[in-house]
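Work through the exercises below with the sequence and the model at hand. Try each task before reading its solution.

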Amino acid sequence: MTQTLEPVATVDRLKIYKASPELYDAMMTLSNAAAKDLDPTIGELIKIRASQMNRCAFCLDMHTHDARQYGETEQRLSLIAAWEEAGDLFTEQEQAALALTEAVTDVNHGPVSDAVYARAAAAFTDRELGQVISMAVTINAWNRINAVVKAAPPRRS
């Protein structure tokens, strides 16, 4: 006998940016500050990788779309989740940013290791490193807000 599952009731979620526009404004200020002087390709890679790890469909859709507009290739977009196995498709700076992003995002394994931090510090100037850290922290905040309110990506044609 096959058991059928009944659909799970869906709870209407808060439209948080309408209810708290100051939050949206503050998050946009933080996002813009994190992006200042950061290579847009590296910024999008950070946002995509954290959004993959956090399973944020809304942000993942947005940032893969944005990365394509910056000229990112389908091959690299397809391999971000496996960047460590992608050979030289990602530069040392990109790899260092992705490693740091993963460490910032996956806090279950403790703080960012000295090895990951040293790799990033060797790949970036102090200013750039600050921006990479800020971008990773910022996208994680966006991901977590969107996870609570279950923000859905728009339909694209």
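**Exercise 1. H6 and H7**

Which residues in H6 meet which residues in H7?

Solution. The model is a predicted one. Begin with the two elements: their axes come within 9 Å and cross at roughly 145 degrees, H7 being the helix of residues 114-123. Next, take the handedness: H6 passes H7 in a left-handed crossing. Then list the residues. From H6 come Glu-92, Gln-93, Gln-95, Ala-96, Ala-99, Leu-100 and Ala-103, and these meet Val-116, Arg-119, Ala-120 and Ala-123 in H7. Last, sort them by class: this contact has seven nonpolar, two polar and two charged residues.

**Exercise 2. H6 and H8**

State at what angle H6 and H8 pack, and classify the pair.

Solution. Helix H8 spans residues 126-149, and H6 packs with H8 at an angle of about 45 degrees, the axes being 10 Å apart. On the H6 side the contact is made by Gln-93, Ala-97, Leu-100, Thr-101, Val-104 and Thr-105. On the H8 side the residues are Glu-128, Leu-129, Val-132, Ile-133, Ala-136, Val-137, Asn-140 and Arg-144. Sorted by class, the contact of H6 with H8 has eight nonpolar, four polar and two charged residues.

**Exercise 3. Thr-101**

Find the place of Thr-101 and decide: is Thr-101 buried or exposed?

Solution. First, locate the residue: Thr-101 is in helix H6, which covers residues 92-105. Second, apply the cut-off: a residue is buried under 20% relative accessible area. Thr-101 has 0% relative accessibility and so counts as buried. Third, look for its partners. With neighbours within four places in sequence left aside, Thr-101 is in contact with Ile-46, Arg-49, Ala-50 and Ala-136. Of these, Ala-136 is also one of the H8 residues in the contact of H6 with H8.

**Exercise 4. H3 and H4**

Describe how H3 and H4 lie against each other.

Solution. H3 is the helix of residues 40-54 and H4 that of residues 57-69; their axes come within 9 Å and cross at roughly 155 degrees. Angles over 145 degrees count as roughly antiparallel, so H3 is roughly antiparallel to H4. The crossing is left-handed. In H3, Glu-44, Lys-47, Ile-48, Ser-51 and Gln-52 meet Cys-59, Leu-60, His-63, Thr-64, Asp-66 and Ala-67 in H4. By class, four of the residues in this contact are nonpolar, four polar and three charged.

**Exercise 5. Leu-77**

With which residues is Leu-77 in contact, leaving aside its neighbours within four places in sequence?

Solution. Leu-77 lies in helix H5, residues 74-79. Its relative accessible area is 9%, and therefore Leu-77 is buried. Its contacts, with that exclusion, are Ile-48, Thr-64, Ala-67, Arg-68 and Glu-72. For Ala-67 there is also a distance: 10 residues separate it from Leu-77 in sequence, and the two C-alpha atoms are 8.3 Å apart in space.

**Exercise 6. Positive phi**

What are the phi values of Arg-55 and Lys-150, and where do these residues lie?

Solution. As background, most residues other than glycine have a negative phi. Arg-55 has a phi near 55 degrees, a positive value, and lies in the loop between H3 and H4. At 76% relative accessibility, Arg-55 counts as exposed. Lys-150 has a positive phi of about 50 degrees, and its place is in the segment after H8. At 57% relative accessibility, Lys-150 also counts as exposed.

**Exercise 7. The whole chain**

How many helices and strands does the chain have, and what does the annotation cover?

Solution. The count is eight helices and zero strands. Of the 157 residues, 36% count as buried. The C-alpha atoms fill a box of roughly 55 × 45 × 35 Å along the principal axes. Among contacts with a separation of 6 or more, 71% come from residues 24 or more positions apart. The unreviewed UniProt entry carries the annotation "domain: Carboxymuconolactone decarboxylase-like" for residues 21-102. Over residues 21-102 the chain is 73% helix and 0% strand, with the end C-alpha atoms 29 Å apart.

Methods. Residues are numbered from 1 along each chain as its sequence is written. This is a predicted model: local features need pLDDT of at least 70, side-chain atom pairs count only at pLDDT 80 or more; totals for chains, interfaces and linings use all residues. Side-chain values use heavy atoms; hydrogens and water are left out. Helices (H or I, at least four residues) and strands (E, at least two) are DSSP runs, numbered from the N terminus. Buried means under 20% relative accessible area, exposed over 50%, partly exposed in between (1.4 Å probe, protein chains only). Contact means heavy atoms within 4.5 Å. UniProt positions are given in the numbering used here, feature names are shortened, and annotations may be inferred rather than shown by experiment. Axes are lines fitted to C-alpha atoms, for helices over the stretch in contact, and angles run from 0 to 180 degrees between N-to-C directions. Angles under 35 degrees count as roughly parallel, over 145 as roughly antiparallel, 65 to 115 as roughly perpendicular and the rest as oblique. Ala, Val, Leu, Ile, Met, Phe, Trp, Tyr, Cys and Pro count as nonpolar, Asp, Glu, Lys and Arg as charged, and the others, Gly among them, as polar. A crossing is left-handed if the near helix is turned anticlockwise from the far one by less than a right angle, and right-handed if clockwise.
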